[in-house]
Amino acid sequence: MKVSATPERLSVLSGLLIVMLSSVPRYLLEGHDTRLTLLMMAAAAVAIVAALHWRLLEDDARRQLPGLFKRLVACMLGGGLLMAIWQAVSLGGIDGVLLLAHATALGLLIHVVGLLWHRPSEIK
């Protein structure tokens, strides 16, 4: 099995890095120093993999990235809206730090499911 670099994978790696970094304020405020250290090490590893993935992309694939990043941002904003509604209904208010972490995670999930949903049938 040969694995090649794709712009979709890079957008997911970038989204994962955003989700990890959006959890930093929550860990800082709650005093989870050990978890924060582990999270930062994992974020550094994902950033390195994303940078290597970028270098492996061909020019045609790099041209697809702006559209995928716009879609990722739209999904994260949609995730933010959905999580704000959910928190308002279930918690009776909105916790900004919790909203940031959960909204980016939901947005990434929506982005990935959307990519899988519209993936061309390349599997044989």
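Guide: Welcome! A helix here is a DSSP run of H or I with at least four residues, and helices are numbered from the N terminus. The place of Val89 is in one of these, helix H4. Please keep in mind that this is a predicted model.

Visitor: Why is Val89 called exposed?

Guide: Exposed means over 50% relative accessible area. Val89 has 67%, so the word exposed applies.

Visitor: What makes Leu81, Ile85 and Val89 a patch?

Guide: A patch of this kind joins nonpolar side chains within 5 Å, from residues with over 30% relative accessible area and no salt bridge. Leu81, Ile85 and Val89 form such a nonpolar patch on the surface, and together they have about 320 Å² of accessible area. As a general point, an α-helix has 3.6 residues a turn, so residues three or four places apart point the same way.

Visitor: Let's turn to His53. Why is His53 called buried?

Guide: Buried means under 20% relative accessible area. His53 has 11%, so His53 counts as buried. You will find His53 in helix H3.

Visitor: What does His53 touch, leaving out residues up to four places away in sequence?

Guide: Contact means heavy atoms within 4.5 Å. On that basis His53 touches Ser4, Ala5, Thr6, Arg9, Leu10 and Leu13.

Visitor: And Ser23, why does that residue count as buried?

Guide: The cut-off is again under 20%. Ser23 comes out at 14% relative accessibility, so Ser23 is buried too. Ser23 sits in the loop between H1 and H2. Beyond four places in sequence, Ser23 is in contact with Leu39 and Ala101.

Visitor: Which helices do the buried residues of H1 pack against?

Guide: They pack against H2, H3, H4 and H5. Among the buried residues of H1 are Pro7, Leu10, Leu13 and Met20.

Visitor: Which residues touch the most other members of the largest nonpolar core?

Guide: That core has 13 residues, and the ones touching the most other members are Leu10, Met20, Leu39 and Leu57. H1, H2, H3 and H4 each give two or more residues to this core, and H3 gives the most, with 5 residues. Leaving aside neighbours within four places in sequence, Leu57 is in contact with Ala5, Thr6, Pro7, Leu10, Arg62 and Leu65.

Note on methods. Residues numbered from 1 in each chain as written. Predicted model: local features only at pLDDT ≥ 70, side-chain atom pairs only at ≥ 80, totals over all residues. Heavy atoms only, no water. Buried < 20%, exposed > 50% of the residue type's maximum accessible area, 1.4 Å probe, protein only. Patch = residues over 30% accessible without salt bridge, like charges linked within 9 Å, V, L, I, M, F, W, Y side chains within 5 Å. Areas by Shrake-Rupley, 256 points an atom, 1.4 Å probe, with all protein chains shown as cover. Salt bridge = Lys/Arg side-chain N within 4 Å of Asp/Glu carboxyl O. Core = buried A, V, L, I, M, F, W, Y, C linked by side-chain atoms within 4.5 Å.
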